[in-house]
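Q: Hi! I'm new to this one, could you walk me through it?
A: Happy to, let's look at it together.

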Amino acid sequence: MRLTVKSIYQKKKKREKIVALTAYDSLFADLLDSAGVDVLLVGDSVGMVLLGFDSTVPVTLRDMLHHTKAVARARPNALIVADMPYGSYDTVTRALRSAKRLIQEGGADAVKLEGGQRIERQVKALVRAGIQVMGHLGMTPQTAGALGGYRVQGKHKAEADKILRDAVRLDRLGVFSLVLECVPAVLAGRVTKKVKCPTIGIGAGVKTDGQILVMHDMLGLEGKIHPRFVRAYAKLSSEVRRAVRCYRKDVLAGKFPSKTESF
Ligand code: KIV
């Protein structure tokens, strides 16, 4: 059965953890879905993981549409959330236009935006238009420069208070869930208790209502950054290298293809 925004929201009441991972294509969306993932996030991390960018900033709405469509083609039971890329929601009008495209053309069930008070008007307009919104607070990669780089947010009281205030604000505006990225576990626990919507943590400790990781990190497909909060459940990079070396050796030695592999 397809998961809905409502069923994700209700998981908090039932004290059921939410399992989320990023997905950027049909093949992996299908694999993750069949393994029971609740939320597939078409993250703008695709820029760094697959497209060779150094940050998520160069990722365009066009890129996001391309990858969201691919994930949607897998017709997963999981909820599909598409990231709104940098510059696609800096005004209310643009936010509405971009979100509608991700849903109508891309096939997403919901969209995710980074920020708190700064994007209050956009979130309000999206919710009023019937668009399901996931919030994102703490370390927000699109504005990492302004936050002093990829570092833990909310270690100091003023910063922590702001994250808590922003979380309450987004919750009241009607976001259906909230990603907390790279914040101290204690702060994530406080936010989780304070808001009605489920929180989904990444580098935010175990007290959040769910967890998300970048799928490629979780599978041990090496990236440029190796965050401490990642647990690699496989070592696919070494496995890929091993397989390719074997293939190369066989091709060089004339051992591939064999008779049975030829016509
Ligand atoms: O783009 C992304 O992958 C994300 C997750 C890290 C939450 O925003």
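Q: Thanks! To start with, where is Arg 15 found?
A: This is a predicted model, and in it Arg 15 is found in the loop between α1 (5–13) and β1.

Q: What is the phi of Arg 15 like, positive or negative?
A: Positive, at about 55 degrees, although Arg 15 is not a glycine.

Q: And β1 itself, which sense does it pair in with β8, parallel or antiparallel?
A: Parallel: strand β1 (residues 18–22) and strand β8 (residues 210–213) pair over four bridges.

Q: Which residue in β8 is the bridge partner of Ala 20?
A: That's Ile 212.

Q: How many bridges are there between β7 and β8?
A: Two, and strand β7 (residues 199–202) pairs with β8 in the parallel sense. In that pairing, Ile 200 has Gly 210 of β8 as its bridge partner.

Q: Let's switch to the ligand. Which residues surround it?
A: Among them are Thr 22, Leu 41, Gly 43, Asp 83, His 136, Val 179, Glu 181 and Ile 202. Asp 44, Ser 45 and Lys 112 also belong to the surroundings of the ligand.

Q: How do the residues of that shell divide by type?
A: Three are nonpolar, four are polar and four are charged.

Q: How far is an oxygen atom of the ligand from an N or O atom in the side chain of Ser 45?
A: The distance is 2.5 Å. For the side chain of Lys 112, a ligand oxygen is 2.9 Å from an N or O atom. For the side chain of Asp 44, the corresponding distance is 3.1 Å.

Q: What share of the ligand's accessible area does the protein cover?
A: It covers 96% of the 260 Å² that the ligand has on its own.

Q: Which pocket is the space taken by the ligand?
A: The largest pocket.

Q: One last topic: is the peptide bond from Phe 256 to Pro 257 cis or trans?
A: That bond is cis, with omega near -5 degrees.

Q: Where is Pro 257 found?
A: Pro 257 is in the segment after α10 (236–252).

How values were computed. Residues numbered from 1 in each chain as written. Predicted model: local features only at pLDDT ≥ 70, side-chain atom pairs only at ≥ 80, totals over all residues. Heavy atoms only, no water. Pairing = 2+ DSSP bridges. Near = heavy atom within 4 Å. Polar contact = N/O pair within 3.5 Å; in protein donor to acceptor, adjacent residues only side chain to side chain. Areas by Shrake-Rupley, 256 points an atom, 1.4 Å probe, with all protein chains shown as cover. 1 Å grid on protein atoms, 1.4 Å probe; cavity = no way out; pocket = protein on both sides within 12 Å on 5 of 7 lines; lining within 4 Å. Sits in = over half its atoms within 2 Å of the grid points. Nonpolar A, V, L, I, M, F, W, Y, C, P; charged D, E, K, R; others polar.
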